[in-house]
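Here is a short briefing on one protein model. Look it over first, then read the points by topic.

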Amino acid sequence: MNMTSEMQLVAVEKLIPYVNNARTHSPEQVNKLRSSLREFGFINPIIIDHEYNVLCGHGRLLAAKEENYTEVPCVYVDHLSDAQKKAYILADNRMALDAGWDDELLAVEKAELEELGFDLGLTGFDEKELSDLFNTNENDTKDDDFDLSAALEKRHSYSVVMCGLSENTRQPRCPAEKEAAITEALRYFGMI
C-alpha cells in the first residue's frame, strides 16, 4: 500500500503551482480561506512532489501568500507517476464535489455553534447559504395530522412509567406494580 509519510514546513517561494490546474479560486473563496487561516491556523497541508510542484492546495497557497505566510505545511508524494499526478489533481478536486450534507446534523452543529457564540461565517457558509439550508418558509411545509402535544404527552407518560414512578404521586412503584406498568406501556406504544 502506497501512502505519504513525509511532511515538513516548506518556504512559500519554493512552491510551484500546477500551470494546468483546472480548479479555479474566486477572490471570495480565497477570502474565506484567509479567514479560516486566521481563525484556525494552517491545518490542512499542501500536497507536493519532491520538485515542489503543488498537486493539491492551490487555494490554501493563494490564501497563505495573501496572509504573508513564509512557510506552509506540506506533505510530499513521491510514489505517483507524472500521469497519476495529473489525474490526482483532477480527482482530488472532483471527488470533493460528490460529498453531501446531512441537513439534520448540519442544523445541530449550526445551533451548537450559535449557542457558543461562534461566527458561522468562519465555517465557509455565507448568510444566504445558511438561510437557504435552514429555510423554514411556511409555504413549503405541508400540514399533516400529527399532534405534537399528544406525542409529547405520550412520551412523558412513557418516561414516567419506565422510570418506575407512579404517574399520580410520582412516588416509586413496588416491583410488581412497576412490571405491570412497563408491560402496559409497551402494549400502549405497540411494542408488544
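In which strand is C74 found? C74 sits in strand 4, residues 71-76. The model is predicted.

- M7 is 67 residues from C74 along the chain, yet their C-alpha atoms are separated by 5.5 Å.

**H58 in helix 2**
- H58 belongs to helix 2, which covers residues 58-66.
- The H58 side chain reaches the backbone nitrogen of Y18 at 3.0 Å.
- Beyond four places in sequence, H58 touches P17, Y18, N21 and H25.

**Largest pocket**
- The largest pocket holds about 1,200 Å³ of space.
- Its lining has 40 residues, and Q29, L33, N44, R60 and A96 are the closest to the centre.
- Helix 1 (27-40), strand 3 (54-56), helix 2 and helix 3 (82-97) each give two or more residues to this lining.
- Helix 1 supplies the largest share, seven residues.
- By class, the lining of the largest pocket has 17 nonpolar, 18 polar and five charged residues.

**Salt bridges**
- The whole structure has eight salt bridges.
- R38 pairs with E67, with the closest N and O atoms 2.6 Å apart.
- R38 lies in helix 1 and E67 in the loop between helix 2 and strand 4, so this pair ties together parts 29 residues apart in sequence.
- R38 is exposed, at 53% relative accessibility.
- R38 and E67 also belong to a salt-bridge network with R34 and E66.
- D49 and K85 meet in a salt bridge at 3.0 Å, N to O.
- D49 is in the loop between strand 2 (46-48) and strand 3, and K85 is in helix 3, so the pair ties together parts 36 residues apart in sequence.
- Both D49 and K85 are buried.
- E114 forms a salt bridge with K110, the closest N and O atoms being 3.0 Å apart.
- E114 and K110 are four residues apart in helix 4 (residues 103-115), which means about one helical turn separates them.
- E114 is partly exposed, with a relative accessible area of 42%, whereas K110 is buried at 19%.

Notes:
Residues are numbered from 1 along each chain as its sequence is written. This is a predicted model: local features need pLDDT of at least 70, side-chain atom pairs count only at pLDDT 80 or more; totals for chains, interfaces and linings use all residues. Side-chain values use heavy atoms; hydrogens and water are left out. A polar contact is a pair of N or O atoms within 3.5 Å; within protein, one must be able to donate a hydrogen and the other to accept it, and residues adjacent in sequence count only if both atoms are side-chain atoms. Contact means heavy atoms within 4.5 Å. On a 1 Å grid over the protein atoms alone, a cavity is a set of points where a 1.4 Å probe fits but cannot get out, and a pocket is an open set with protein on both sides within 12 Å along at least five of seven lines; lining residues have an atom within 4 Å of a point. Grid points are joined across faces, edges and corners, and a volume is the space filled by probe spheres set on the points. Ala, Val, Leu, Ile, Met, Phe, Trp, Tyr, Cys and Pro count as nonpolar, Asp, Glu, Lys and Arg as charged, and the others, Gly among them, as polar. A salt bridge is a side-chain nitrogen of Lys or Arg within 4 Å of a carboxyl oxygen of Asp or Glu. Buried means under 20% relative accessible area, exposed over 50%, partly exposed in between (1.4 Å probe, protein chains only).
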